[in-house]
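Subject: Structure handover

Hello,

Here is the structure for your files. My notes on the strands follow below it.

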Amino acid sequence: MKQIFIIILVLSSMIFAANDFESDTFSTSKGDLKITFIGHGTLMMKFDGKVVQIDPWTRLADYNTLPKADIILITHEHGDHLDANAIKQTSKESTKILLTQICFDKLGKGTVMNNGDTKNVSGLTIKAVPAYNIVNMRGEGNPYHPKGNGNGYVITFGDKHVYVAGDTENIPEMTNLGKIDIAFVPMNLPYTMTPEMAADAAHKIKPAVLYPYHFGETDTNQLLKLFKDDQNIDIRIRKLQ
């Protein structure tokens with residue numbers, strides 16, 4: 001009996017450690033926004049009693065131990081972003097799933113959002129914006145993320161606008177996003193941006209706070225160095241490999 005108790009205690013500790021994520025809280029005109037950094041391209045946001053899960057992935061968390069989502073946003077169809085098991089684990093009957101056409105075709109449910117679409121979901125305004133490669137290719141004429149296939153999302157929480165870029169480079173459309181308070185830009189080579197591309201993206205977006213995310217083995221210190229003389233953007237590094 002004592003051995004069984006010890007095993008249960010160890011397993012419980014492992015689950016707690018796995019889900020002991022960093023988080024930041026921001027004040028908005030309608031209460032606090034808490035952003036939890038699950039890792040990779042995966043985020044959880046809590047606001048006004050609602051939970052938004054972005055690209056949930058079972059490799060990073062036990063979603064059975066996390067709050068069920070009111071909204072799930074899926075940026076594109078790659079397996080580290082579209083995980084049917086994670087979606088199942090974090091869903092409840094009323095969960096709204098917003099995703100691309102390709103993701104809908106694979107998952108078989110949800111509401112399709114194309115680049116440029118805006119929807120009001122559970123009291124939140126969500127806009128789908130382009131996310132694609134211009135430079136980085138699998139081969140000639142074959143980008144890792146073709147234009148039109150994937151989404152980034154701009155989510156409005158009270159008076160704060162959060163941009164989750166998805167898998168993209170520093171594309172021209174970033175200059176037309178409007179006011180962005182908090183931005184997540186990917187820096188995972190060779191699939192998305194170099195630190196220099198991420199810096200250019202930051203200058204296009206002009207957020208108050210910038211998080212490099214989904215950065216793999218890319219050295220985030222390189223981005224910090226590019227902004228050492230620029231105090232206009234708060235660059236924050238979190239555990240988002």
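In what order do the 7 strands of the open sheet run? The order is S8-S9-S12-S13-S14-S15-S16, with mixed pairing. Strand S8 (118-121) and strand S16 (234-235) are the edge strands, each pairing on one side only.

Some ground rules before the rest. This is a predicted model, in which local features need pLDDT of at least 70 and side-chain atom pairs count only at pLDDT 80 or more, while totals for chains, interfaces and linings use all residues. Residues are numbered from 1 along each chain as its sequence is written, and side-chain values use heavy atoms, with hydrogens and water left out. Strands are DSSP runs of E with at least two residues, numbered from the N terminus; two of them pair if DSSP finds at least two bridges between them.

Tyr163 has Ala183 in S14 as its bridge partner.

The other part to look at is strand S4. S4 pairs with strand S3 (residues 42-47) in the antiparallel sense over 5 bridges; Val51 in S4 is the bridge partner of Lys46. The S3 and S4 hairpin has 2 residues between the strands, and Asp48 there takes a positive phi near 55 degrees. S4 also runs parallel to strand S5 (residues 71-73), joined by 3 bridges, and Ile54 has Leu73 in S5 as its bridge partner.

Regards

Methods: Helix = DSSP H or I, 4+ residues; strand = E, 2+ residues; numbered from the N terminus.
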